[in-house]
Amino acid sequence: MIMKLTRRVALTSVAAIGILASASGAAFADGHLLQLRLSMSGSETDQRSVAMAEVFGPAVSEFASYEPAYNATLFAQGTELEAISRGNLEMTISSAQELAQFFPEFSIFTAGYVHQDAAHQVAVFNDPLMDPFKQTAIDELGVRLLSVMYLGRRHVNLRQCPDELTVTTPADLDGVNLRMPGTDAWQFLGAALGASPTPMAFSEVYTALSTGAVDGQDNPLPTVVDARFYEVTCQIVLTSHLVDLNYVTISEEVWQSMAPDQQAVVQQAADDAAALGRERQLQLESELGARLEEEGLTLYEPDLVAFRDAVQSAYLGSEFAQTWPEGVLEQINALGN
Ligand code: KDO
């Protein structure tokens, strides 16, 4: 059963941050810098991190100190939104799957084979169809979605070599213990692919693959390289089952503590960082297949029609689909090719 998580914590006032912003927006009246800590489970070399550090941090530096924490060292994967809501964190790079824990209707953005590509993600995020979703996150959780970041096409990455297991259709994943991140929406996707999903934090995946605690994991090629999963796996089945995204998010209370021109700088900085990260991630995706083959992995496309049909029908018949606002799936589809 899908639980609608209610907002479990009341927003606390972020008194330390609520100091009056200057009229110029260049700095705060007392000269202090606004602390913007961003917690994420990705590494420092992940292109989303690099783009934020190269673009976002410098762009806001006149009035804010951008302080990223990588590899879930500040908050565990999946706990960041609640930390923002409680006033314990200012920013994160969140997934729709995590937002769906609070607001099940966000699961529409987690469904396999819905987003078509990076441009489609941007079109969806900037379309008025997103407005009620964004407003709900602000009103109910105190979290503002600033921009959409491209993570990439998720594929199935297995320890077994193709001579032990060749995957053509979802039926071939029957009994495969596939690590998926730990929320209902992620677990559903793993099951829709035909596998037996196991919830696990990103930081534990390398060890689990190397010991055989799981048979595989799913992530885009840049993540397979960045996290060195290629060292402990043998094949990548190019399912492209999810064109994955993250939202650059900020505490609404922090946002409201800023002057309008500071807000404009933060918004532009997030958009610019997302654009650079997207461009680089797309470039990496186009190059890394060859690199992974050099590392000894086998990459191949399965029967994509069989995967798409199975995954789409699993979603349409699910409790998730019942939470999707009327007509939004059609609007999303209309924004694609
Ligand atoms: C993962 O845990 O597999 C995932 O790819 C999920 C994403 O939403 C994102 O959180 C990502 O991990 C981390 O940022 C690590 O790259």
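**Close-up views of the ligand and its surroundings**

**View 1. The ligand between two domains.** In this predicted model, domain 1 (7-151 + 244-284) and domain 2 (154-242 + 287-335) both contribute residues to the shell around the ligand, so the ligand lies between them. Sorted by kind, the residues of this shell are four nonpolar, six polar and four charged.

**View 2. The residues around the ligand.** There are 14 residues around the ligand, and those that come nearest are Arg48, Gln77, Arg154, Arg179 and Asn219. In the side chain of arginine 154, an N or O atom is 2.9 Å from an oxygen atom of the ligand, and a polar side-chain atom of glutamine 77 also lies 2.9 Å from a ligand oxygen.

View 3. Rolling a probe the size of a water molecule over the atoms shows where empty space is left. When the whole structure is searched, two cavities of 30 Å³ or more are found. The largest cavity contains about 300 Å³ of space, and among the 24 residues lining it, Ser41, Arg48, Gln77, Leu151 and Asn246 are the closest to its centre. The space taken by the ligand is this largest cavity, and Arg48 and Gln77, which are close to the cavity centre, are also among the residues that come nearest to the ligand.

Definitions and conventions:
Residues numbered from 1 in each chain as written. Predicted model: local features only at pLDDT ≥ 70, side-chain atom pairs only at ≥ 80, totals over all residues. Heavy atoms only, no water. Near = heavy atom within 4 Å. Polar contact = N/O pair within 3.5 Å; in protein donor to acceptor, adjacent residues only side chain to side chain. 1 Å grid on protein atoms, 1.4 Å probe; cavity = no way out; pocket = protein on both sides within 12 Å on 5 of 7 lines; lining within 4 Å. Sits in = over half its atoms within 2 Å of the grid points. Nonpolar A, V, L, I, M, F, W, Y, C, P; charged D, E, K, R; others polar. Domains from an automatic or database assignment. Points joined across faces, edges and corners; volume = space filled by probe spheres on them.
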